[in-house]
Amino acid sequence: MAEFVTVYEVGPRDGLQNEKEIIPVEDKIALVDRLSEAGFRKIEVTSFVSPKWVPQLADAAEVLAGISRRSGVVYSALTPNLKGLEAALAAKVDEVAIFASASETFSRRNINCSIAESFERFAPVMEAAKTAGVPVRGYVSCVVACPYEGPVAPEAVRLVAERLIMLGCHEISLGDTIGAGVPETISAMLDEVLRSVPVVKLAGHFHDTGNRALANVEIALDYGLRTFDSAVGGLGGCPYAPGAKGNVATGPLVELLEGRGFETGIDAEKLKRAEAFIKGRVGRLSGRNA
Ligand code: HMG
Ligand code: MG
């Protein structure tokens, strides 16, 4: 039997958080429903963050209330603090994610606190999630480079990943936030992180600014990673990482994985229809051609 690779669809969150125009709630719901139908087992739907910081996702609760949940699909959301977690639990998410950074400046720009302070905020989030029986994923941003500080040392990434594991995260998603990674730098970073975190707990989250995201997925596959985050149509970026492009696009990622003999459980035709749908919507709002 073919080995399974989990494609964690983050387009509704990481993609749409960075679109200039705010996508109507019914379009977000329709996108998530199409992704559920296409066979994704994990969908990051939205974020419970400050609407002043990310107005694009201010409708998080409405989106989660409107989607048709398919059994077996994990619907998740980002929760930077206890306020976000409480709202996410009320909206009945299946998983939450806390997001830390390996770069001090990015931490301050993204969540308005130092790395050390971010862990003080995450501790009660973790405790409350545990009490509620909701698993917590941990992100590390800037695993290769920071938009403000430049190259980031692999050791800094390992230390943050290690702390997230110690806090109780079941999975660490390694974010190449600005898509600066190439197979050599991804390798150096993985060599270091794997000293502390077992490969089964790692996921790759590669933005495609440098058009190397697929090459980075390939090298990470060679290291044994079996979970990759991607965005339908390659939507998005990060509002606090100027110039960052979207995540690796889901369609080419699925093609690569299936071409290498892995199973993903994703229906390519349904995925294409979901992509055409959201690109049409984003294009219509921005005046761009889809
Ligand atoms: P802050 O201003 O320091 O927070 O922001 P605060 O606690 O001082 O509160 C200020 C105001 O925000 C208050 O409202 C709070 O109620 C409200 P006011 O009294 O002024 O009206 N507030 C909230 N509202 C709703 N939900 C909440 C919440 N928390 C506070 N959860 C904070 C700190 C973390 C909230 C802010 O910096 C923030 O929301 N940042 C989010 C930034 C973000 O979402 N970035 C993108 C996601 S990360 C990413 O894309 C990277 C990733 O993809 C991996 C990679 O690629 O590297 C994951
Ligand atoms: Mg990202």
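View 1. Glu-19 has 19 other C-beta atoms within 10 Å, so it counts as partly exposed. The cut-offs: 20 or more other C-beta atoms within 10 Å make a residue buried, 12 or fewer exposed, and anything in between partly exposed, with C-beta atoms placed from the backbone. What you're looking at is a predicted model, where local features need pLDDT of at least 70 and side-chain atom pairs count only at pLDDT 80 or more, while totals for chains, interfaces and linings use all residues. Residues are numbered from 1 along each chain as its sequence is written, with chains lettered from A and ligands numbered from 1 in the order in which they are written. Glu-19 sits in the loop between helix H1 (11-15) and helix H2 (25-37); helices (H or I, at least four residues) and strands (E, at least two) are DSSP runs numbered from the N terminus. Leaving out residues up to four places away in sequence, Glu-19 touches Gln-56 and Val-282, where contact means C-beta atoms, placed from the backbone, within 7 Å.

View 2. Eight strands close into a barrel in the order S1-S2-S3-S4-S5-S8-S9-S10, with parallel pairing; a pair needs at least two DSSP bridges. From one strand to the next, the twist averages 25°. Helix H7 packs on the sheet and touches S4, S5 and S8, its direction making about 170° with that of S5. Helix H10 (residues 250-259) packs there too, against strand S1 (6-9) and strand S10 (227-230), at about 180° to the direction of S1. Angles run from 0 to 180 degrees between N-to-C directions, with axes fitted to C-alpha atoms, for helices over the stretch in contact.

**View 3. Strand S8 and its partners.** On one pairing, S5 and S8 (residues 171-176) run parallel over four bridges, with Arg-137 opposite Glu-171. On another, five bridges join S8 to the parallel strand S9 (residues 202-206), and here Ser-173 faces Ala-203.

**View 4. Helix H6 and what covers it.** H6 (residues 115-132) has 18 residues and reaches 26 Å from first C-alpha to last, close to the 26 Å expected at 1.5 Å a residue; that expectation is 1.5 Å times one less than the number of residues. Ser-118, Phe-122, Val-125 and Ala-129 are buried in H6. An α-helix has 3.6 residues a turn, so residues three or four places apart point the same way. The cover over the buried residues includes helices H4 (82-90), H5 (104-111) and H7 (154-167), plus strands S4 (95-101) and S5 (136-141).

**View 5. Two non-glycine residues with positive phi.** Asn-112, in the loop between H5 and H6, has phi near 65° and is partly exposed, with 13 other C-beta atoms within 10 Å. Cys-142, in the loop between S5 and strand S6 (145-146), has phi of about 60°. With 31 C-beta neighbours inside 10 Å, Cys-142 is buried.

**View 6. The shell around ligand 1.** Ligand 1 is surrounded by 26 residues, the closest being Val-49, Gly-84, Ser-141, Gly-175 and Thr-177; a residue is near if its C-beta atom, placed from the backbone, lies within 6 Å. H4, H5 and S5 each supply at least two shell residues. The shell splits into 12 nonpolar, 12 polar and two charged residues, counting Ala, Val, Leu, Ile, Met, Phe, Trp, Tyr, Cys and Pro as nonpolar, Asp, Glu, Lys and Arg as charged, and the others, Gly among them, as polar.

Definitions and conventions:
Two residues are in contact if their C-beta atoms, placed from the backbone, lie within 7 Å.
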